[in-house]
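Please keep the sequence and the model side by side while reading, since the paragraphs below move from a single residue out to the sheets, the helices and the chain as a whole.

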Amino acid sequence: MDFENGYQVDVMTSTALINKAPARFDWSRYYSTFRRQTMTPRELAVSVWRGYGFTPVWHTARREENFVSAGHMAFDFDAGDETSSLDYIMRDGTFAWMFASFAYTTVSHTDAAPRSRVVFVLESPIESPAVYRRIYQAVAWYIASDGSQTDPACKDPLRLYYGSKRARVWPNWSLLGEGTIDYITGEYDAAHPPVAMPVNTRVPVEASPSLQNAKLQQFGRAVQDAPLNEGHHTLLRIATTAGGYVA
């Protein structure tokens with residue numbers, strides 16, 4: 001299949017903003033202009049090159065409970081050094097070189113401080129935010145083995161990715177397939193086994209009346225001996241502490 005022009009992915013896009021939002025931006029009005037679009041990878045790359053942002057698909061409002069599906073994943077590389085450059089991330093043999101659809105320099109990119117975003121188009125859309133996070137973490141971990149650390153904050157299932165007008169776009173037109181995702185998540189799970197929670201083996205012991213009275217007397221003395229003008233504050237603090245002992 002011609003993945004550049006023959007494959008299609010559903011995204012939410014808007015032409016109401018080019019590049020990043022200015023200060024005091026009307027976000028509510030902006031998100032009301034988003035529409036669901038079915039695009040080829042090339043069409044999405046062209047939209048990004050024109051400066052238009054994109055997100056996974058949602059309905060009504062951009063909140064996680066309104067998540068519909070994600071047909072893509074995008075990863076930011078903001079280290080500002082060689083490892084964040086397109087030439088390094090997309091070099092022969094890397095995971096991105098094998099499976100990314102395209103990559104581009106972000107708005108904040110400069111030659112002295114490279115910053116890039118890599119976009120993967122998925123063979124099958126993800127329809128659960130929890131599944132999205134799990135796969136995102138696994139892919140980010142796998143990409144890091146090639147020497148480029150991605151921004152961990154981007155695992156929001158409905159994250160907005162800005163366009164970058166007239167950015168340098170690296171066309172790759174590959175597809176991230178289900179088999180590859182299954183393999184990566186399996187490797188990630190094997191490298192990150194669940195941590196066993198410690199078992200509380202303490203046996204509760206009922207305090208004797210004499211011990212209880214001694215503790216209450218200690219609290220009373222603390223209130224009685226409080227410095228001038230601090231009695232009220234001390235009483236509140238001791239009352240809270242005493243409540244914990246009662247519980």
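Leaving aside its neighbours within four places in sequence, S69 is in contact (heavy atoms within 4.5 Å) with R36, P56, V57, P125, I126 and E127. This is a predicted model, in which local features need pLDDT of at least 70 and side-chain atom pairs count only at pLDDT 80 or more, while totals for chains, interfaces and linings use all residues. Residues are numbered from 1 along each chain as its sequence is written, and side-chain values use heavy atoms, with hydrogens and water left out. S69 is placed in strand β5, where helices (H or I, at least four residues) and strands (E, at least two) are DSSP runs numbered from the N terminus. S69 counts as buried because its relative accessibility is 8%; buried means under 20% relative accessible area, exposed over 50%, and partly exposed in between, with a 1.4 Å probe and protein chains only.

Five strands form an open sheet in the order β4-β5-β7-β6-β8, and their pairing is antiparallel; two strands pair if DSSP finds at least two bridges between them. At the edges stand β4 (57-58) and β8 (169-171), each of which pairs on one side only. Within the sheet, strand β6 (residues 102-105) and strand β7 (residues 116-126) are joined in the antiparallel sense over 4 bridges.

T105, which lies in strand β6, counts as buried because its relative accessibility is 8%. Not counting residues up to four places away in sequence, T105 touches L86, R115, S116, S164, A167 and R168.

A second sheet can now be followed. It is open and has 3 strands in the order β2-β1-β3, with antiparallel pairing. Because β2 (35-39) and β3 (54-55) are edge strands with a single partner strand each, one side of each is left without a neighbour in the sheet. β1 and β2 run antiparallel and are joined by 5 bridges, and M12 stands opposite R36 in β2.

Helices lie against these strands. Helix α2 (residues 41-49) lies across β6, β7 and β8 and runs at about 5° to β6, where axes are lines fitted to C-alpha atoms, for helices over the stretch in contact, and angles run from 0 to 180 degrees between N-to-C directions. α2 also lies across β1, β2 and β3, running at about 130° to β2.

What, then, describes the packing of two helices? The angle between their axes and the distance between the axes are used for this. Helix α5 (residues 129-144) and helix α6 (residues 178-191) pack at an angle of about 80°, with their axes 9 Å apart. The two are therefore roughly perpendicular to each other, on a scale where angles under 35 degrees count as roughly parallel, over 145 as roughly antiparallel, 65 to 115 as roughly perpendicular and the rest as oblique. From α5, the residues R134, I135, Q137, A138, V139, W141 and Y142 meet I181, Y183, I184, T185, E187, Y188, D189 and A191 of α6. By class, this contact has 10 nonpolar, 2 polar and 3 charged residues; Ala, Val, Leu, Ile, Met, Phe, Trp, Tyr, Cys and Pro count as nonpolar, Asp, Glu, Lys and Arg as charged, and the others, Gly among them, as polar.

The segment before β1 (9-13) contains E4. E4 and P171 are 167 residues apart in sequence, and their C-alpha atoms are 8.8 Å apart in space. Not counting residues up to four places away in sequence, E4 touches T40, P41, R42 and W173.

For the chain as a whole, the secondary structure comes to 8 helices and 8 strands, and buried residues make up 40% of the 247 residues. Among contacts between residues at least 6 apart in sequence, 76% join residues at least 24 apart.
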